[in-house]
Amino acid sequence: MRSLEGRVALVTGGSRGIGRAIAVALGEQGARVVVNYTANEAAANETAAAVAAVGGTAVLKRFDVSVAAEVEAAVKEIVASEGGLHILVNNAGVAVNGLTLTAKDADWKRSLDVNLTGTFNCTRSALRALLKAKDMGRIINITSITAETGSAGQAPYVAAKAAVIGLTKTWAREYASRGITVNAVSPGYIDTDMTNSELPADRRAELIKAIPLGRVGRPEDVAAAVIYLAGPSASYVTGEVLRVNGGLLM
Ligand SMILES: NC(=O)c1ccc[n+]([C@@H]2O[C@H](COP(=O)([O-])OP(=O)(O)OC[C@H]3O[C@@H](n4cnc5c(N)ncnc54)[C@H](OP(=O)(O)O)[C@@H]3O)[C@@H](O)[C@H]2O)c1
């Protein structure tokens, strides 16, 4: 018996990287997966194929998590077509890089809009359906190691990811009495488009030296933590931040 049989899961930013691995792992455990993306339909289709390849079922839903009206309409459609929603994974994110001294208003706004307001929008729209899911209801927010360590040159990103931890604990308290658990997963350095586009090879080698487990993370490492938090084994875990970083931060 697969651990998430009969559940419906929405993964924001499921078209690539960590979100794709999460979608595949959820599908493998028997959940019906709604794969959200905003621009990259070809990649989203590849995710759906990868879910099918492990015996799961996926449908695609394009919307921009930062636009509340789009999120609200999409979640309504998902709940109507899938018959409910049990698991929300707030994974969609963008890296916004640059020193504060020269930061542009637009960079600050973009990071907060997607990384923070996007998480808020999706949760607010999903909550009614999650309340109906009762003790199967799960919210899992993807934060970042940088929320706890800081990261020079990433102020708007770090601000948003730190706030996501605050939201996680707040929602854990707000909905505990209704059986919904709310947790965050905090990845360290994971091999995806996001990181590959920003780190030169020499910096990457230096970083690997600093990671006690001696390698960068794989999207599947993060997905495994999500599967644990989404499943019945974690029913007494809420308000937690689960770090997946190879020991880079302990
Ligand atoms: N990679 C790391 O080392 C690392 C470390 C810590 C935390 N994280 C966090 O993990 C999450 C996934 O990161 P990743 O590395 O997998 O990133 P990625 O490879 O760049 O993928 C980002 C995903 O987010 C989607 N997305 C971006 N803006 C969106 C929006 N406005 N609405 C809906 N979807 C949107 C993208 O969709 P399209 O394909 O349509 O563009 C894509 O599916 C992010 O929250 C990130 O901050 C990553």
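**Helix packing and the sheet in a predicted model**

User: In which handedness does H3 pass H4?
Analyst: A crossing is right-handed if the near helix is turned clockwise from the far one by less than a right angle, and left-handed if anticlockwise. Helices (H or I, at least four residues) and strands (E, at least two) are DSSP runs, numbered from the N terminus. The crossing in which H3 passes H4 is right-handed.

User: Are H3 and H4 roughly parallel or roughly antiparallel to each other?
Analyst: This is a predicted model, in which local features need pLDDT of at least 70 and side-chain atom pairs count only at pLDDT 80 or more, whereas totals for chains, interfaces and linings use all residues. Residues are numbered from 1 along each chain as its sequence is written. The axes (lines fitted to C-alpha atoms, for helices over the stretch in contact, with angles from 0 to 180 degrees between N-to-C directions) of helix H3 (residues 68–82) and H4 come within 9 Å and cross at roughly 30°. Angles under 35 degrees count as roughly parallel, over 145 as roughly antiparallel, 65 to 115 as roughly perpendicular and the rest as oblique, and H3 and H4 are therefore roughly parallel.

User: How many nonpolar residues does the contact of H3 with H4 have?
Analyst: Two residues are in contact if their C-beta atoms, placed from the backbone, lie within 7 Å. Ala68, Val71, Glu72, Val75 and Val79 of H3 meet Asn121, Cys122, Ser125, Ala126 and Ala129 of H4. Ala, Val, Leu, Ile, Met, Phe, Trp, Tyr, Cys and Pro count as nonpolar, Asp, Glu, Lys and Arg as charged, and the others, Gly among them, as polar. By these classes, the contact has 2 polar residues, 1 charged and, for nonpolar, 7.

User: How is H4 oriented relative to H6, parallel or antiparallel?
Analyst: The axes of H4 and H6 lie 8 Å apart, and the helices pack at an angle of about 20°. That angle makes the relation of H4 to H6 roughly parallel.

User: How many nonpolar residues lie in the contact of H4 with H6?
Analyst: H4 passes H6 in a right-handed crossing. Residues that make the contact include Trp108, Leu112 and Phe120 of H4, and Tyr157, Leu167 and Trp171 of H6. The contact has 4 polar and 2 charged residues, and its nonpolar residues number 11.

User: Which term describes the angle of H1 to H9?
Analyst: The axes of H1 and H9 come within 8 Å and cross at roughly 50°. This makes H1, relative to H9, oblique.

User: How many nonpolar residues are in the contact of H1 with H9?
Analyst: H1 passes H9 in a right-handed crossing. Among the residues in contact are Ile18, Arg20 and Leu26 of H1, together with Glu220, Val222 and Ile227 of H9. The contact has 1 polar and 2 charged residues, and its nonpolar count is 12.

User: Which residue in S4 stands opposite Ala9?
Analyst: Strand S1 (residues 8–11) and strand S4 (residues 87–90) run parallel and are joined by 3 bridges. Opposite Ala9 stands Ile87.

User: How many charged residues are in the shell around the ligand?
Analyst: The ligand is surrounded by 31 residues, the closest being Gly13, Gly17, Asn40, Gly93 and Thr192; a residue is near a molecule or strand if its C-beta atom, placed from the backbone, lies within 6 Å of it. The shell has 13 nonpolar and 15 polar residues, and the charged residues number 3.

Conventions:
Pairing = 2+ DSSP bridges.
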